[in-house]
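Student: I have the sequence and the model open side by side, and I would like to learn how to read them together. Could we go through the features one at a time, with the general idea before the case?

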Amino acid sequence: MNRDSNLYTFLFATIMVFVVATVLAFTSQSLKDLQSENVRKEKMQNILSTVGIIIDRDGAEELFDKYIDGQLAVKNDGSIDTSVDVFNNVKLSLELKKNPKDQDFPLYVANIESEKFYIIPVRGNGLWNAIYGYISLKEDLNTIKGVVFDHVGETAGLGAEITQDWFVERFVDEKLFDSDNNLMGIKVSKTNNDPNNSDKNDHEVDAISGATITGDGVSDMIKERLEHYIPYFNTLRSNSIALN
Amino acid sequence: MSNKNRALLSDPMDDNNPITVQVLGICSALAITVQLKAAIVMSISVMAVMAASNVIISLLRDLIPNRIRIIVQLVVVAAMVILVDQVLRAYAYDVSKELSIFIGLIITNCIVMGRLEAFALGNGVWRSFLDGIGNAAGYGWILILVAFFRELLGSGKLGGIQVIPDFIYEMGYVDNGLMLLSPMALITVGIIIWIQRSRNRKLIEQA
């Protein structure tokens with residue numbers, strides 16, 4: 001057949017698309033279970049790492065079951081939605097697109113050697129794409145125990161550095177609320193006059209040079225996501241005062 | 001291996017280097033040379049994709065309709081890249097996270113399509129395979145060289161490990177943050193081109 005004829009060109013294109021689509025669809029389907037299993041275990045790994053438990057991916061499931069004893073879906077009004085499977089079915093990226101009254105926000109409660117920690121997933125925008133992570137709070141609902149950040153596509157060496165240990169360690173022991181329980185968040189600041197981060201009450205950590213937008217994204221997502229939990233935290237606070 | 005085939009591997013390393021002579025693939029040379037490790041992994045992935053897609057296009061070279069050959073090349077490259085990405089995500093999740101967007105960037109690497117168009121469409125399978133390996137290696141060594149200087153001068157590290165000792169910092173040495181930004185990659189590539197041309201006179205265009 002003439003290689004330059006219209007018929008041949010159409011035929012070739014059709015067959016090519018069919019073959020390529022089949023190969024890709026087959027690969028994607030047959031690897032799907034393995035891939036989502038990796039993602040699921042990584043999520044457990046991330047949640048555990050905020051409370052200081054560093055474990056490889058294969059061991060994450062066992063320790064997650066051991067230490068995480070509460071998985072709550074918190075509503076904007078502070079009530080708890082008990083109808084959902086938080087770990088598997090509540091996706092923060094989808095919740096953020098819903099109506100405020102339909103939103104569920106995950107809250108994981110860890111119990112490690114009778115110390116209680118609250119772990120909150122956060123999500124926001126970096127320079128190129130989404131950034132996300134987890135923040136764990138100590139029982140006072142104010143002091144940060146640990147954070148972990150990740151990103152979809154920040155610039156390697158600049159914005160992507162938010163995943164590094166030296167950056168996330170700056171958040172440890174920082175306070176989220178001021179003394180009147182107003183949410184201050186943690187500002188990733190370029191004008192932080194505290195490079196050694198000795199002041200843990202300034203609601204500021206040092207920014208990364210060349211990663212201004214990613215850093216601002218981190219500040220924003222912490223503050224915005226924490227806001228959803230304030231009504232619930234207030235309930236917890238007043239309960240603990242009542243108990244005392 | 002005949003001399004001609006050997007030239008397919010050695011030419012792209014110097015006389016016909018994709019980056020410093022043909023000035024292709026500059027975009028990724030700027031984007032991912034902040035760290036040595038990323039540059040090395042990128043070079044290996046590009047090599048795999050280039051060798052495989054060169055072979056496929058060379059096998060199909062007598063079947064591809066002339067008018068849609070660029071589209072065919074693009075589909076083959078994109079399919080290879082997605083396959084690599086999917087397999088890494090299932091079996092080497094950590095590596096796949098490390099690479100993240102770089103894998104997708106391979107599709108846009110001008111060298112890949114350039115070699116398909118210029119070489120694989122007109123040459124046999126074995127020669128096309130060698131050409132893919134050779135050009136990816138030529139691209140890779142420049143990438144790694146640039147990343148070496150950028151990471152060393154920009155963050156005092158190599159492969160994520162600190163190599164500039166603490167006492168030098170205590171004497172007042174400061175990492176050059178400018179090296180981490182893309183313009184310095186361009187300048188580093190420019191210096192490499194300068195050195196290469198002063199050693200290899202035949203690359204200099206006659207005025």
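Student: Let us begin with the core: which residues touch the most other members of the largest nonpolar core?

Tutor: A nonpolar core is a set of buried Ala, Val, Leu, Ile, Met, Phe, Trp, Tyr and Cys residues joined through C-beta atoms within 7 Å. A residue is buried if 20 or more other C-beta atoms lie within 10 Å of its own, exposed if 12 or fewer, and partly exposed in between, with C-beta atoms placed from the backbone. Here the largest core has 89 residues, and I119(A) and I120(A) touch the most other members. The largest share of this core, 10 residues, comes from helix α3 (residues 36-59) of chain B.

Student: Before we continue, how should I treat the numbering and the confidence of the model?

Tutor: This is a predicted model, in which local features need pLDDT of at least 70 and side-chain atom pairs count only at pLDDT 80 or more, while totals for chains, interfaces and linings use all residues. Residues are numbered from 1 along each chain as its sequence is written, and chains are lettered from A and ligands numbered from 1 in the order in which they are written.

Student: Which residues is I119(A) in contact with, leaving aside its neighbours within four places in sequence?

Tutor: Two residues are in contact if their C-beta atoms, placed from the backbone, lie within 7 Å. By that rule I119(A) is in contact with I47(A), T50(A), V51(A), Y108(A), A110(A), Y134(A) and S136(A), once neighbours within four places in sequence are left aside.

Student: What is the order of the strands in the open sheet of chain A?

Tutor: Strands of a sheet pair through backbone hydrogen bonds, either parallel or antiparallel. Helices (H or I, at least four residues) and strands (E, at least two) are DSSP runs, numbered from the N terminus, and two strands pair if DSSP finds at least two bridges between them. In chain A the open sheet of 5 strands has the order β1-β2-β3-β4-β5, with antiparallel pairing. Its edge strands are β1 and β5 of chain A, each of which pairs on one side only, and the twist averages 20 degrees from one strand to the next.

Student: Which helices pack on this sheet?

Tutor: Axes are lines fitted to C-alpha atoms, for helices over the stretch in contact, and angles run from 0 to 180 degrees between N-to-C directions. Helix α1(A) packs on the sheet and touches β1, β2, β3, β4 and β5 of chain A, its direction making about 145 degrees with that of β5(A). Helix α6 (residues 212-227) of chain A also packs on the sheet, touching β3, β4 and β5, and its direction makes about 125 degrees with that of β3(A).

Student: How many bridges join the paired strands, and which residues stand opposite one another?

Tutor: Strand β1 (residues 68-74) of chain A pairs with strand β2 (residues 105-112) over 6 bridges, and Q71(A) has Y108(A) as its bridge partner in β2(A). Between β2(A) and strand β3 (residues 115-125) there are 5 bridges, with V109(A) opposite Y118(A). The hairpin of these two strands has 2 residues between them, and there E113(A) takes a positive phi near 45 degrees. Strand β4 (residues 130-137) of chain A is joined to β5(A) by 7 bridges, and I135(A) stands opposite V147(A). That hairpin has 6 residues between its strands, with L141(A) in the turn at a positive phi of about 60 degrees.

Student: Why is strand β5 of chain A said to be largely enclosed by the rest of the structure?

Tutor: Burial is counted residue by residue, and 7 of the 8 residues of β5(A) (residues 144-151) are buried, so this strand is largely enclosed by the rest of the structure.

Student: Is L7(A) buried or exposed?

Tutor: L7(A) lies in helix α1 (residues 6-50) of chain A, and it counts as exposed because it has 9 C-beta neighbours inside 10 Å.

Student: How many residues of chain B are in contact with chain A?

Tutor: An interface can be read by counting the residues on each side, and here 24 residues of chain B are in contact with 22 residues of chain A. On the chain B side the largest share, 9 residues, comes from helix α4 (residues 69-91).
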